[in-house]
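Please look over the structure shown below, and then read the briefing that follows, which is grouped by topic.

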Amino acid sequence: MLFRSGPQPADVAGTGFEPTVLKDPDVGRVPAVTAGSGSTVAVLLHQTDGNGLCGWLAYAADLVAQPGVQVLAIDLCGYGEAKCRGDRRGTRQVDAVDVAVREAHTRLGATRVVVVGASMGGSVALMTAATNPDVDAAVDLSGPVDWKGI
């Protein structure tokens with residue numbers, strides 16, 4: 001899956017990203033990558049530039065260099081290789097993030113989940129934090145208040 005992100009600088013390529021696909025019968029297939037170790041998981045949500053999770057790789061490498069931090073970067077519905085069900089776009093994006101949050105707690109062993117998003121992903125991060133009690137914190141990097149494209 002990471003081949004689609006193109007060649008990466010050595011420090012990013014050496015991070016040890018593990019591709020995976022999160023599956024949920026109601027949501028669909030959400031491609032993701034994980035890296036790092038620790039009890040805090042940062043779920044990374046991309047902007048609308050078409051790169052999907054690839055846009056986070058350099059930043060994810062910086063995050064996992066911090067002790068105790070893992071990352072889980074996902075493709076939101078309609079981006080990258082995500083295959084989601086449902087027709088209400090905003091709700092579908094939050095559903096995909098809910099699957100990632102569940103993955104962070106169950107498979108990655110998170111005791112703290114921070115949802116971080118840029119632009120559209122920032123808006124989705126806030127919507128998820130408002131509705132999912134398993135999110136401990138949310139970071140919105142330039143997310144618009146009213147995003148019609150979500």
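Asp-75 sits in the loop between β4 (69-74) and β5 (83-84), where strands (E, at least two residues) are DSSP runs numbered from the N terminus. This is a predicted model, in which local features need pLDDT of at least 70 and side-chain atom pairs count only at pLDDT 80 or more, while totals for chains, interfaces and linings use all residues. Residues are numbered from 1 along each chain as its sequence is written, and side-chain values use heavy atoms, with hydrogens and water left out.

- A polar atom of the Asp-75 side chain lies 2.9 Å from the backbone nitrogen of Leu-53.

**The hairpin**
- Strand β1 (residues 18-24) pairs with strand β2 (residues 28-36) in the antiparallel sense over 7 bridges, given that two strands pair if DSSP finds at least two bridges between them.
- These strands, β1 and β2, form a hairpin with 3 residues between them, and Leu-22 has Val-30 in β2 as its bridge partner.

**The aromatic pair**
- The structure holds 1 aromatic pair (rings of Phe, Tyr and Trp, the last by its six-membered ring, pair if their centres lie within 6.5 Å; planes under 30 degrees apart count as stacked, over 60 as edge-to-face and the rest as tilted).
- The ring centres of Trp-56 and Tyr-59 are 6.0 Å apart and their planes stand at 75 degrees, so the pair is edge-to-face.
- Trp-56 counts as buried at 8% relative accessibility, whereas Tyr-59 is exposed, with a relative accessible area of 52%.

Methods. Helices (H or I, at least four residues) and strands (E, at least two) are DSSP runs, numbered from the N terminus. A polar contact is a pair of N or O atoms within 3.5 Å; within protein, one must be able to donate a hydrogen and the other to accept it, and residues adjacent in sequence count only if both atoms are side-chain atoms. Buried means under 20% relative accessible area, exposed over 50%, partly exposed in between (1.4 Å probe, protein chains only).
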